[in-house]
Amino acid sequence: MTRLCPETLANLPAEIARPIYDRDAQDVGIVHFGIGAFHRAHQAWYTDAAMNLGDTDWAITGVSLRSPGVARQMNPQGGLYTVAEQSGEGTALRIVGAVRNVLVASEEPDAVIAAVAAPATHIVSLTVTEKGYCRNEAGDLDFERAHSLSFYYFTTQGLLRRHKAGLPGVTLLSCDNLADNGKRLEHLMGQYLARHEPELVDWFEANCTCPSTMIDRIVPATTDEDRAAIAQALGGLTDEACVVTEPFSQWVIEDRFAGPRPKWEAVGAQLVTDVTPYETAKLRMLNGAHSLLAYCGLKAGHTYVHEAVSDPDLRALATRLMRHEAAPTITPAPGQNLTAYADALITRFANPSLNHRLIQIAMDGSQKIPQRWLETLAHNAQQGQTCPAILTAITAWIHHLNGHNGPVDDPLADKLAAIARQNPEPADAALALFTGQGPLAGTWHPSPADLKTLTAACTGVQTAA
Ligand code: CS2
């Protein structure tokens with residue numbers, strides 16, 4: 001089978017959009033850690049659009065920390081890949097050319113450090129998932145996990161070289177679903193530097209910035225069926241790196257860069273002074289409802305998000321979480337309408353053309369639940385309110401921890417499974433998880449009314465208002 005690559009680009013059907021800039025003439029301006037499907041459908045897609053408008057020198061070097069999988073998919077294709085936007089109305093294809101190459105840090109560590117240290121690099125961005133930040137239960141850096149194969153190490157070594165060479169600092173851009181992602185990154189990076197390269201701390205603070213971002217696009221894992229359908233649409237060219245996504249995308253970025261940046265605002269990104277209202281709404285409403293649909297949907301026997309949200313009980317529960325539990329905890333930005341946002345999210349979840357697996361969202365619950373559910377619970381508790389939808393979702397998560405949906409994929413899986421096993425009553429399990437020495441203690445303390453709701457939700461009493 002012939003692969004999509006620079007040499008075969010001309011063979012594509014004429015109607016498929018492709019880069020209109022000279023790819024060979026671009027400098028690499030961005031080094032990105034965690035070049036999975038999300039980055040390819042989101043930040044690289046925006047960057048490619050900016051380059052299509054004539055903004056130059058923002059090619060991306062992608063880095064995978066361990067797995068050579070993406071490098072093997074992308075490097076033989078010269079970094080080219082297809083973004084397929086799918087909805088009930090059809091599929092739109094675009095070939096993205098922003099990625100220059102992919103490095104595997106475990107195989108070529110020096111090349112990764114050199115990429116961060118290169119004079120043309122201005123941005124080091126990250127989609128390493130929530131667990132990739134290697135936080136301990138107090139939110140500080142877990143030094144054992146942040147070892148020599150973490151983005152902390154490679155970024156630090158690159159920054160050290162920049163400092164010694166008298167080069168400017170960089171912008172470290174977290175594009176992960178964490179509350180205050182920029183501030184958190186700054187805090188954790190500061191802790192890493194203080195321990196490993198203390199002489200760099202002042203330089204880092206004076207020369208680098210960590211803006212916060214809100215990133216949004218639903219990107220299910222690509223399947224073999226997706227690859228086969230895309231190969232057919234590409235006139236028979238195989239694309240091992242293609243990604244499938246929804247037509248919607250949003251990127252809100254705190255405009256606090258250490259140096260130059262792509263003109264992302266020219267292609268739809270919002271550059272703002274405060275990301276908080278957008279980020280909070282997205283995490284508590286979209287991601288909060290996503291996790292609810294994942295655990296409650298799996299418990300009800302569904303496989304995909306669009307199936308779960310078509311189930312009237314689950315749709316009511318997700319709507320309740322968004323409109324009545326999360327939205328009242330958020331101070332909207334001017335013009336931000338949270339009711340309309342909730343309605344639009346239900347429509348996006350119902351996209352019949354996206355096979356978004358609930359089990360994909362159910363992964364890493366311990367890393368996701370604090371910013372998706374616990375902050376909403378804590379805010380409501382201050383007002384004397386309980387959150388029946390989230391409490392129902394918590395019972396479904398505990399059910400998941402008991403292994404009812406297959407092996408639990410979570411960095412704390414063993415600890416969580418032991419707690420669930422030792423506490424067959426959901427109210428007891430909730431106390432063990434969220435209070436005292438529990439792995440998720442600190443943000444929310446279940447009240448007696450919450451514990452009653454948990455027990456009721458578990459015995460099947462309808463709690464969705
Ligand atoms: C999902 C997110 O897998 C998950 O946990 O909730 O990846 C979600 O699809 C994105 O944040 C949407 O922007």
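Okay, a definition to start: a residue is buried if its relative accessible area is under 20%, exposed if over 50%, and partly exposed in between, using a 1.4 Å probe and protein chains only. With that in hand, R372 is buried, and E130 is buried as well.

Some ground rules. What you see is a predicted model, where local features need pLDDT of at least 70 and side-chain atom pairs count only at pLDDT 80 or more, while totals for chains, interfaces and linings use all residues. Residues are numbered from 1 along each chain as its sequence is written, and side-chain values use heavy atoms, leaving out hydrogens and water.

Let's stay with R372 and E130. Their side chains meet in a salt bridge, at 3.7 Å from N to O. By salt bridge I mean a side-chain nitrogen of Lys or Arg within 4 Å of a carboxyl oxygen of Asp or Glu. Side chains of opposite charge can pair when their charged atoms come close. And where do R372 and E130 lie? R372 is in helix 14 (residues 365-382) and E130 is in the loop between strand 6 (123-126) and helix 5 (151-165), so this pair ties together parts 242 residues apart in sequence. Helices (H or I, at least four residues) and strands (E, at least two) are DSSP runs here, numbered from the N terminus.

How many salt bridges does a search of the whole structure find? The answer is 17. R284 lies in helix 9 (residues 276-299) and E375 in helix 14, so here the parts tied together are 91 residues apart in sequence. R284 counts as buried, at 7% relative accessibility, whereas E375 is partly exposed at 22%.

Now for a pair inside one helix. R227 forms a salt bridge with D224, and the closest N and O atoms are 2.8 Å apart. Both sit in helix 8 (residues 224-233), 3 residues apart, which puts about one helical turn between them. D224 is exposed, with a relative accessible area of 57%. There's also a network of salt bridges linking E186, E254 and R256.

Strand 8 and strand 10 (residues 250-254) run antiparallel and are joined by 4 bridges. Look for M214, which stands opposite V252 in strand 10.

Last stop, the ligand. Which side chain has an N or O atom 2.6 Å from an oxygen atom of the ligand? That's K282. For N177, a side-chain N or O atom is 3.0 Å from a ligand oxygen, and for R217 a polar backbone atom is 3.0 Å from one.

Note on methods. Pairing = 2+ DSSP bridges. Polar contact = N/O pair within 3.5 Å; in protein donor to acceptor, adjacent residues only side chain to side chain.
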